Amino acid sequence: QATAPAMSFKGIEDAAKASRVREMAAAKVLAQTAGEEEVEDDDDTSLEDSDHNNVVNDQAVSIAHENDAADSAVVSAVSSAAVKDASAKVSSSTMKKGVAPATARRKIKWHALVDSGMGRLGFKSVEDEDGDEEEKGIPLDKLPAPLQAHTKKNAKWKIGPHRDTVSIIKAMTDAEIFGGAPIEFFGMCTHMAEASSESDFTNEQMARFKSLLKRVRQAGISVPTISTDNSSALLTTNLNHFNPAELLVQKNVTNSLGYVRTGGGIFGQRPAFPLLKSVSTLSASVRHVAIVPEGQSVGYDRAYIAPKNVRIGTLTIGFADGYPRDLGNGRGFVSIRGAVFPIAGNVCMDMLMVDLGPAEDVDGIGAKVSVGDRAVLWGPEHDGDSEGTIRLQDLAQKLKTTQSALTCSLNRARVQRQYIE
């Protein structure tokens, strides 16, 4: 799988912002050249640091492609002149009458999520017809003056309602560039329903996405970033669906930047890939230890009856914290002091009990368990412990669920997160 050079997401953000600033500045110069009213932009962040904005990040993707030299020179000259001109105007207006610029509105970055086959959420990947003339869109005279001027010259985009994905994205980018809308188009992405080199559906999804991406660019829309891969797609090394030359190269503008959206893979929660090891650990503390006589029950519904005099430990975790109730009464285990003990009885809301062994056994590890001891419910217990004695993937398999479903079920308000390097 071909990939772009490594870059932090902050770097991707900066490069994408620079690309959008240059595009907006170029639109201003072209509008002024055509005699249109100057576009107002009250977001001072889009014009600050003109020296930085004048730098085109052409090295963001290491792909050589041939552009028309003359067109490229014109675009470059217009973009550079636009940024300098816009910066000068801001400086001039700021000095005029000693009035400080208006407070900038914060822009909302948005991505066009494309439903290429997940069937869950997103823009349509197939072409659609826009609304009929009889259907009412926003009246032209209600649009900002610069957007009115632009819309009159581009009749194809002038009225809504918009149904086709390209038409919607075009309308929104026009509103951003010519209408001063506080939004910023940040890129396009899709999500894989499955990631397999042997899957025809994976290839079908990519074909739909590429087709839409091509139409978006043909409409004159620059796409700052592209993302198609989740953890599984990233880790399936024999996939060849992501061709940078197809997905990232844009004519006459800065190339798109590609990035990957890793989810559970960050925590090693992908058992289909043996190179990953799950690194999350769920632990609680021992709150109480007591001897339960033979025949006495433990917990709700008397699900556990002591077969003999046993030592029972109570832990500070329950199903309200996100620990599965289905692991109660011997299905689940915990590790304390390096020894494994079964859960006794049903898991309660705030607590669960474990069978520490016969009361008569005074030499075993269970007899040494005391209040305050750490109990590990899954994951590594210390550095170098691989995936631990109680593996998360084994619990997921037992419950017929996924590792991510277990970790995401943990209550954020009740279960403290600690990140360890």
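How many helices and how many strands does the protein chain have?

1. The protein chain has eleven helices and 13 strands. The model is a predicted one, and the remarks that follow should be read with that in mind.

2. When contacts between residues at least 6 apart in sequence are considered, 72% of them join residues at least 24 apart. The accessible surface of the protein chain amounts to about 22400 Å², and carbon and sulfur atoms account for 52% of that area.

3. As to cysteines, a search of the whole structure returns zero disulfides. Cys189 counts as buried because its relative accessibility is 9%, under the 20% cut-off, and Cys348, at 10% relative accessibility, likewise counts as buried.

4. Two backbone angles deserve a look, since most residues other than glycine have a negative phi. Asp301, which is not a glycine, has a positive phi near 60°, and it is placed in the loop between β7 (297–298) and β8 (304–305). With a relative accessibility of 65%, Asp301 counts as exposed, the cut-off for that class being over 50%.

5. The second case is Arg337, whose phi is positive at about 55° although the residue is not a glycine. Arg337 belongs to the loop that runs between β10 (333–336) and β11 (339–344), and its relative accessibility of 45% makes it count as partly exposed.

Key
Residues numbered from 1 in each chain as written. Predicted model: local features only at pLDDT ≥ 70, side-chain atom pairs only at ≥ 80, totals over all residues. Heavy atoms only, no water. Helix = DSSP H or I, 4+ residues; strand = E, 2+ residues; numbered from the N terminus. Contact = heavy atoms within 4.5 Å. Areas by Shrake-Rupley, 256 points an atom, 1.4 Å probe, with all protein chains shown as cover. Disulfide = S-S within 2.5 Å. Buried < 20%, exposed > 50% of the residue type's maximum accessible area, 1.4 Å probe, protein only.
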